[in-house]
Amino acid sequence: MSLPPWNEHPQAPDPGTIICFESAIPKVGGLEFTFGSGNKPFRGFLLKKDGEILAYLNACTHFTGTPLNPNGIGNFLDPKDPSLIYCGVHGSRFLAATGACVSGECDGEGLQPIPVKTEGGKVIISS
Ligand code: FES
């Protein structure tokens, strides 16, 4: 199931918004971030991969955007293969480097990347 583009979420951060300090991202696993409030805040997560910082919408392509870390459990990576992002709801797997679906119920669709850049040790939404 296709999701709307990340920047069409009603609470999506604008380009230039600071997410966090780069140092807050763990060496292994992801860091969730949210913007907005209420029942449906904007949810994303950051990963470090081969020295690069990657960001994805925290929305599984299976089940209309359910977060990949139900109840905040899990670090977004497959415990058996940390090169893969893992959805803790039904076990879909995605390449960490691209977000492409590789197995499970993700219907061949990938996670949505969120453009980010770093400046002065901060991770910032890019355009
Ligand atoms: S909600 Fe992610 S695999 Fe089902």
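I began with a sheet, and found an open one of three strands in the order β2-β3-β4, with antiparallel pairing. Strands here are DSSP runs (E, at least two residues; helices are H or I, at least four), numbered from the N terminus, and two strands pair if DSSP finds at least two bridges between them. I noted that β2 (31-35) and β4 (52-57) are the edge strands, each with a single partner, so one side of each has no neighbour in the sheet. From one strand to the next, the twist averages 30° (axes are lines fitted to C-alpha atoms, and angles run from 0 to 180 degrees between N-to-C directions).

Before going further, I wrote down two ground rules. Residues are numbered from 1 along each chain as its sequence is written. This is a predicted model, in which local features need pLDDT of at least 70 and side-chain atom pairs count only at pLDDT 80 or more, while totals for chains, interfaces and linings use all residues.

Next I checked the pairings one by one. β2 and β3 (residues 42-49) run antiparallel and are joined by five bridges; E32 has F45 of β3 as its bridge partner. Between β3 and β4 I found six bridges, again antiparallel, with K49 opposite E52 of β4. The hairpin of β3 and β4 has two residues between the strands, and D50 takes a positive phi near 50° there.

Then I turned to the inside. The largest nonpolar core has 26 residues, and L46, Y56 and I85 have the most contacts within it. Such a core is a set of buried Ala, Val, Leu, Ile, Met, Phe, Trp, Tyr and Cys residues joined through C-beta atoms within 7 Å. Buried means 20 or more other C-beta atoms within 10 Å of a residue's own, exposed 12 or fewer, and partly exposed in between, with C-beta atoms placed from the backbone. At least two residues of this core come from each of β3, β4, β6 (81-86) and β10 (122-125), and β4 gives the largest share, four residues.

Last, I stepped back to the whole protein. I counted zero helices and 10 strands, and 31% of the 127 residues are buried. The C-alpha atoms fill a box of roughly 40 × 30 × 25 Å along the principal axes.
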